[in-house]
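Trainee: I have a new protein model open and would like to learn how to read it. Could you walk me through it step by step?

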Amino acid sequence: MGPFMSPFNNLLCMLLGISFTVWFTLLLVFIIVPAIFGLSFGIRRLYMKTLLKVFEWATVRMERGAKEKKHLLYKPYSLNSIIAKEPTSLEEELKEIRRNCSSRELDGSASTTTSPSPSSSEFEMSDTFYFCRRGIESIVDDEVTKCFTAEELESWNLLTRSNNNFNHISTRLTVLWGLGVVIRYGFLLPLRMKNFLSEKVHLMCYRICVRALTAIITYHHSENKPKNGGICVANHTSPIDVIILASDGCYAMVGQIHGGLMGLIQRSMVKACPHIWFERSEVKDRHLVAKRLSNHVKDKSKLPILIFPEGTCINNTSVMMFKKGSFEIGSTVYPVAIKYDPRFGEAFWNSSKFGMVNYLLRMMSSWAIVCSVWYLPPMSRQEGEDAMQFANRVKAAIARQGGLVDLLWDGGLKRGKVKDTFKEEQQKLYSKILVGTQEVRSRS
């Protein structure tokens, strides 16, 4: 057997050597060299267009099959859709409710008793209708909770996790889905492990990570990119927001020290760049945080600071309240809007549901990460404007550019209860209506 096995072993070794050489050459030509020089061959965009055509065919075929078999393909309603409400004041709505109730009482009763005026300052039972309606609206259409739920697509991108009512529609569609599973987990997932190739070259590492996620990023208005000595603020959807921005420029990160995999990444990052990490006890000390940030921006040789003022990940449909700490320093602020395309993969990190390793696995097994980044003109604090007003102005600009809903709610409500100040504010507003009307009547 020996004379026959020797040629076979030689042939096997030769094939392995050729395979390794071809693999390394492709890796060098299409991944490492373009990452160093910031080049692109357009392969990822061609890949994205091909996926879109496949998604369109799969959706049409699935809808046709569901119609033939009378299957429920989509949910009859979705809490992810934001109900448009007309901006009306509490006083106007109470007057309308009282007016309607008064007219109904007059129509249904022959009594000549005079009904209360719609602008009466006294409490009326009909006032409870307003608060009951608003309470039910908040339960059905909660603007806070739905910001932390992944957006459900109306079409299918061949990921079973993006369609809750996936059923066997046809053999061809099932075969196509199975082929997609093999490609994502058998080819794309192992291929995307290449983001550990570099640990020293900052920009090249992030560009390798971008290619590892098959991220197709479109940058707009690059002339407004953050400069040294400034603060870059952006809406926050996912930990990969850092990769998306840092692949087009270097930043100093700010955040709380974590444990586990995230802590390991932070300790590695701080060796290459002067990032600002805080202990949990230090985060509560606003003066200490402001001092360290101020010292950093005063040094024009240091990289711009990248901050996500929301403090938590939002599902990329809205922008929630910005913490005012980063706007109290007095430095130039460079707003950035990030908008993801959920058709190719959900970039939102629901940290209360998935750990970091599980989330990265989901990202690396998705089809691609497609997003647009807008660099907005730099903004400075105006005369007579406090930090909170400045933060709201920057937030509004980001929401407007990214096509996001501008919400005043604090992202901290994701894990905490509603503050009593919010309840007291509504109570005071209602009391002012009653007391103010009473004072007017007394004077008259």
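Predicted model: local features only at pLDDT ≥ 70, side-chain atom pairs only at ≥ 80, totals over all residues.

Trainee: What is the phi of H221 near?

Mentor: Phi of H221 is near 55°, a positive value in a residue other than glycine.

Trainee: Which other residue has a positive phi, and where is it found?

Mentor: Look at T214, in the loop between α6 (202–212) and β1. Phi of T214 is near 50°, again a positive value in a residue other than glycine. T214 is buried, with a relative accessible area of 10%.

Trainee: Now the sheet. What is the general idea behind strands that pair?

Mentor: Strands of a sheet pair through backbone hydrogen bonds, and they do so in a parallel or an antiparallel way. Here, 7 strands make an open sheet with mixed pairing, in the order β1-β8-β7-β2-β5-β3-β4.

Trainee: Why is one side of β1 and of β4 left without a neighbour in the sheet?

Mentor: Because β1 (215–220) and β4 (276–278) stand at the edges, each has a single partner strand, and so one side of each has no neighbour in the sheet. From one strand to the next, the twist averages 25°.

Trainee: How many bridges does β1 form with β8, and in which sense do they pair?

Mentor: β1 pairs with β8 (residues 369–375) in the parallel sense, over 6 bridges. For a pair you can find on screen, H220 stands opposite W374 in β8.

Trainee: Which strands does β2 pair with?

Mentor: One is β5 (residues 305–307), which pairs with β2 in the parallel sense over 3 bridges. In that pairing, I231 stands opposite I305. Another is β7, which runs parallel to β2 and is joined to it by 4 bridges. There, the bridge partner of V233 is P335 in β7.

Trainee: Which way do the residues of β2 point, and are they buried or exposed?

Mentor: I231 and V233 point one way from the strand, while C232 and A234 point the other way. All four of these residues are buried.

Trainee: How many residues does α12 have, and how far does the helix reach?

Mentor: α12 has 16 residues and reaches 23 Å from its first C-alpha to its last, close to the 22 Å expected at 1.5 Å a residue. At its start, a side-chain oxygen of D386 comes within 3.3 Å of the backbone nitrogen of M388. Just after the helix, G403 takes a positive phi of about 70°.

Trainee: Which residues of α12 are buried, and what covers them?

Mentor: Among the buried ones are F390, V394, I398 and G402. Their cover includes β2, β6, β7, β8 and β9 (405–406). R400, also in α12, counts as exposed at 64% relative accessibility. The C-alpha atoms of R400 and A337 are separated by 8.9 Å, although the two residues are 63 apart along the chain.

Trainee: Where is S331, and is this residue buried or exposed?

Mentor: S331 belongs to the loop between β6 (318–319) and β7, and is buried, with a relative accessible area of 15%. A polar atom of its side chain lies 3.0 Å from the backbone oxygen of G229. Leaving aside neighbours within four places in sequence, S331 is in contact with G229, G230, I231 and V297.

Trainee: To finish, what does the whole protein look like in numbers?

Mentor: Its secondary structure comes to 13 helices and 9 strands. Of its 444 residues, 40% count as buried. The protein exposes about 25700 Å², with carbon and sulfur atoms supplying 61% of that area. Among contacts with a separation of 6 or more, 76% join residues 24 or more positions apart.

Conventions:
Residues numbered from 1 in each chain as written. Heavy atoms only, no water. Pairing = 2+ DSSP bridges. Helix = DSSP H or I, 4+ residues; strand = E, 2+ residues; numbered from the N terminus. Axes fitted to C-alpha atoms, helices over the stretch in contact; angles between N-to-C directions. Buried < 20%, exposed > 50% of the residue type's maximum accessible area, 1.4 Å probe, protein only. Polar contact = N/O pair within 3.5 Å; in protein donor to acceptor, adjacent residues only side chain to side chain. Contact = heavy atoms within 4.5 Å. Areas by Shrake-Rupley, 256 points an atom, 1.4 Å probe, with all protein chains shown as cover. Expected span 1.5 Å × (residues − 1).
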